[in-house]
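This report is a short walk through one protein structure for a reader who has not seen it before. Please look at the sequence and the model first.

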Amino acid sequence: MYQIALCDDRTDELDKAEYLLRCYQKERSGCMVSIRRFLGADELLLTAREHEYVPDLVLMDIFMPGKLGVDAARELREMGVGCRIVFLTVSKDYALEAFRVDAVQYLLKPVAKDDLFQVLDRVWKKAEEDRKKYLLLRIDSRLCRIPLPDIVYIEAQKKCQCMYLSDGTQHLLRLTMAKLFGMLCGYEEFVKAGVSYIVNLRHVESISVQKMQLDSGKKIYLPRGAYPALKEQYFHYYCAGEEEF
């Protein structure tokens, strides 16, 4: 399910954008969307900030009372929200500012159906790829996308879990190990090593009855009886065809 935010100060413009999105959903089988409407930039920013709302895509007008769309987009970026943004506007005046906040497209109103559909096709394709590449986590009060290949291992530390990345960065997460593994278990490279570790097989150099040797130099000692299952997972991951990110 893709989360789409529509942001415009005019309800008739919101109606038009939602209609086009519904048409797109009907014409593209398998594309499931959840649409949320916002009458202005401040409403969108408040929802993102206080309710941890992170849409996959924002379709936003630029000229709105109170706050310009490009300014709202800049604040979303500062909050760590990495969603894709498409500006729908009546003027080209802010085109340069739009791309400075990493907008994927700048469409002039009235928006042509074919033009929007081409943009949406590109957005969905890239979103499908990104869903396989990133883990979205709240770290230090910011929403961050952590590239999955960068995760070396996660270690339980009392009530928190510590995530170690390939560049040496460490993140202390206030999530349970079960919650984290639930987010990662759909990717065959992530395995549990006892109750205290989640390990990315991409970073395992060798495995024995006693331990895993990681490419970071870390040695993870295995609990009794864990080796057979982990050896099978390790063999399957590297010999059955590694999924490309």
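The sections below go from the whole chain to single residues.

## Overall picture

The model is predicted. Its protein chain holds seven helices and 15 strands. Taken along the principal axes, the C-alpha atoms fill a box of roughly 65 × 35 × 30 Å. The chain has 245 residues, of which 45% count as buried.

Contacts can be sorted by how far apart the partners lie in sequence. Among contacts between residues at least 6 apart, 52% join residues at least 24 apart.

## Surface and charge

The protein chain exposes about 13100 Å², and carbon and sulfur atoms supply 50% of that area.

## Helix H2

Helix H2 covers residues 41-50, and its buried residues are Ala41, Leu44, Leu45, Thr47 and Ala48. Seen down the axis of H2, these buried residues fall within an arc of 160 degrees, so they line one face of the helix. An α-helix has 3.6 residues a turn, so residues three or four places apart point the same way.

What do the buried residues of H2 pack against? Their partners are strand E1 (2-7), strand E2 (33-38), strand E3 (57-60) and helix H3 (69-78). After H2 comes Glu52, whose phi is positive, near 55 degrees.

## Backbone exceptions in two loops

Most residues other than glycine have a negative phi, and most peptide bonds are trans. The peptide bond that joins Lys109 and Pro110 is cis, with omega about -10 degrees. Pro110 is found in the loop between strand E5 (105-108) and helix H5 (113-131).

Lys158 is not a glycine, yet its phi is positive, at about 55 degrees. This residue lies in the loop between strand E8 (151-157) and strand E9 (160-165). Is Lys158 buried or exposed? Its relative accessibility is 85%, so Lys158 counts as exposed.

## Cysteines

How many disulfides does a search of the whole structure find? The search finds zero. For Cys144, the closest cysteine sulfur is in Cys83, 14 Å away, which is too far for a bond. Cys162 is in no disulfide either, and the nearest cysteine sulfur to it, that of Cys160, is 9.4 Å away. A disulfide would need the two sulfur atoms within 2.5 Å.

Cys144 counts as partly exposed because its relative accessibility is 24%. Cys162 has a relative accessible area of 5% and is buried.

His171 is found in strand E10, which covers residues 170-173. With a relative accessibility of 17%, His171 counts as buried, the cut-off for buried being under 20%.

Which residues is His171 in contact with, leaving aside its neighbours within four places in sequence? They are Ile139, Ile146, Gln161, Cys162, Met163 and Leu165. Cys162, one of these contacts, is the buried cysteine described above. Ala103 is 68 residues from His171 along the chain, and the C-alpha atoms of the two are separated by 29 Å.

Conventions
Residues numbered from 1 in each chain as written. Predicted model: local features only at pLDDT ≥ 70, side-chain atom pairs only at ≥ 80, totals over all residues. Heavy atoms only, no water. Buried < 20%, exposed > 50% of the residue type's maximum accessible area, 1.4 Å probe, protein only. Helix = DSSP H or I, 4+ residues; strand = E, 2+ residues; numbered from the N terminus. Contact = heavy atoms within 4.5 Å. Areas by Shrake-Rupley, 256 points an atom, 1.4 Å probe, with all protein chains shown as cover. Arc of directions from axis to C-beta.
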